[in-house]
Amino acid sequence: MSEIAKKRNVENYEESTDKRSSESVLLKNNQEHLSKRQRVEGIDNNPYLAHRQITKSPLDGWFPGRTTAEQARIAEDGDINPFTNKPFSKRYRELLKARRTLPVHAQRKEFLDLVHESQFVVFVGETGSGKTTQIPQFLCYDILPHLKKKQIACTQPRRVAAMSVAQRVADEMDFKLGEEVGYNIRFEDCSGPKTMLKNRYY
Ligand SMILES: Nc1ncnc2c1ncn2[C@@H]1O[C@H](COP(=O)(O)OP(=O)(O)OP(=O)(O)O)[C@@H](O)[C@H]1O
Ligand SMILES: [Mg+2]
């Protein structure tokens with residue numbers, strides 16, 4: 001083999017090694033967010049393993065009854081609805097912006113601290129401050145009732161109130177009424193197996 005051909009061979013070898021090592025660095029970086037099992041099995045890249053895809057939830061690592069106001073705020077501001085794992089809608093974001101101006105949101109931490117250390121809490125607030133619509137949502141993010149098939153029950157003084165509050169809360173949490181949030185009035189049960197928050201009037 002001539003000297004020139006030998007040199008070209010060495011250059012080609014070095015080039016391909018460089019390329020391979022930069023590809024493996026890229027692959028490693030791309031897979032950093034995956035668990036060891038996902039990396040080994042290549043679930044993300046393998047269409048035959050799509051049914052075993054692990055969905056990351058914004059609630060991963062949370063403990064029921066120990067949510068902080070900051071954690072809840074971050075989850076509410078996220079892209080994915082942690083209860084349905086679907087992207088939040090534009091309307092949800094508009095409503096969230098308005099909700100954050102309600103007085104109860106300024107006291108979310110205080111409220112959660114009280115709930116965590118007490119068996120009963122009597123919460124008094126001005127009319128329109130957000131007791132009926134916001135407090136049940138604070139509890140949903142704290143208790144995570146969907147994980148253990150629990151339900152938060154809210155009593156209402158009128159049939160119409162039970163229906164309209166349920167609709168409002170469903171809209172604010174980006175749910176379809178009758179699924180995660182529902183109501184129960186005499187002769188009508190608008191809820192289902194996924195219902196975790198129910199407004200009731202008897
Ligand atoms: N269906 C709705 N459509 C639009 N805004 C609503 C609706 N329901 C409640 N709101 C608004 O949300 C805010 C909080 O209402 P919420 O009923 O939670 O207050 P509240 O503290 O329970 O009041 P009250 O002491 O009168 O029961 C209020 O400003 C209210 O105007
Ligand atoms: Mg009220």
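1. Start with the overall make-up: the chain's secondary structure amounts to eight helices and four strands. Keep in mind that this is a predicted model. Reading from the N terminus, the order of elements is α-α-α-α-α-α-α-β-α-β-β-β. The chain has 202 residues, and 33% of them count as buried.

2. Now the ligand. Which residues surround ligand 1? The shell consists of Leu102, Glu126, Thr127, Gly128, Ser129, Gly130, Lys131, Thr132, Thr133 and Arg168. Sorted by class, that shell has one nonpolar, six polar and three charged residues. Helix α7, which covers residues 131-143, contributes the most to the shell, with three residues.

3. Have a look at the polar contacts with oxygen atoms of ligand 1. Thr132 places a polar side-chain atom 2.6 Å from one such oxygen, and Lys131 has a polar side-chain atom 2.7 Å from a ligand oxygen. With Ser129 the backbone is involved: an N or O atom there lies 3.2 Å from an oxygen atom of ligand 1. On its own, ligand 1 would expose 630 Å², and the protein buries 55% of that.

4. Next, the largest pocket, which holds about 360 Å³ of space. It is lined by 17 residues, and those closest to its centre are Phe111, Val121, Phe123, Ile135 and Leu139. Elements giving two or more residues to this lining are α6 (108-117), α7 and β1 (152-155). Helix α7 supplies the largest share, five residues. As for class, the pocket lining has eleven nonpolar, five polar and one charged residues.

5. Finally, two backbone angles to check. Most residues other than glycine have a negative phi. Leu144 is not a glycine, yet its phi is positive, at about 50 degrees. Lys149 also has a positive phi, near 55 degrees. Leu144 sits in the loop between α7 and β1, and Lys149 is found in the loop between α7 and β1 as well.

6. Lys149 has a relative accessible area of 69%, so it is exposed, which takes over 50%.

Terms used. Residues are numbered from 1 along each chain as its sequence is written. Chains are lettered from A and ligands numbered from 1 in the order in which they are written. This is a predicted model: local features need pLDDT of at least 70, side-chain atom pairs count only at pLDDT 80 or more; totals for chains, interfaces and linings use all residues. Side-chain values use heavy atoms; hydrogens and water are left out. A residue is near a molecule or strand if one of its heavy atoms lies within 4 Å of it. A polar contact is a pair of N or O atoms within 3.5 Å; within protein, one must be able to donate a hydrogen and the other to accept it, and residues adjacent in sequence count only if both atoms are side-chain atoms. Accessible areas come from the Shrake-Rupley method with a 1.4 Å probe; for residues, only the protein chains shown count as cover. Ala, Val, Leu, Ile, Met, Phe, Trp, Tyr, Cys and Pro count as nonpolar, Asp, Glu, Lys and Arg as charged, and the others, Gly among them, as polar. On a 1 Å grid over the protein atoms alone, a cavity is a set of points where a 1.4 Å probe fits but cannot get out, and a pocket is an open set with protein on both sides within 12 Å along at least five of seven lines; lining residues have an atom within 4 Å of a point. Grid points are joined across faces, edges and corners, and a volume is the space filled by probe spheres set on the points. Buried means under 20% relative accessible area, exposed over 50%, partly exposed in between (1.4 Å probe, protein chains only).
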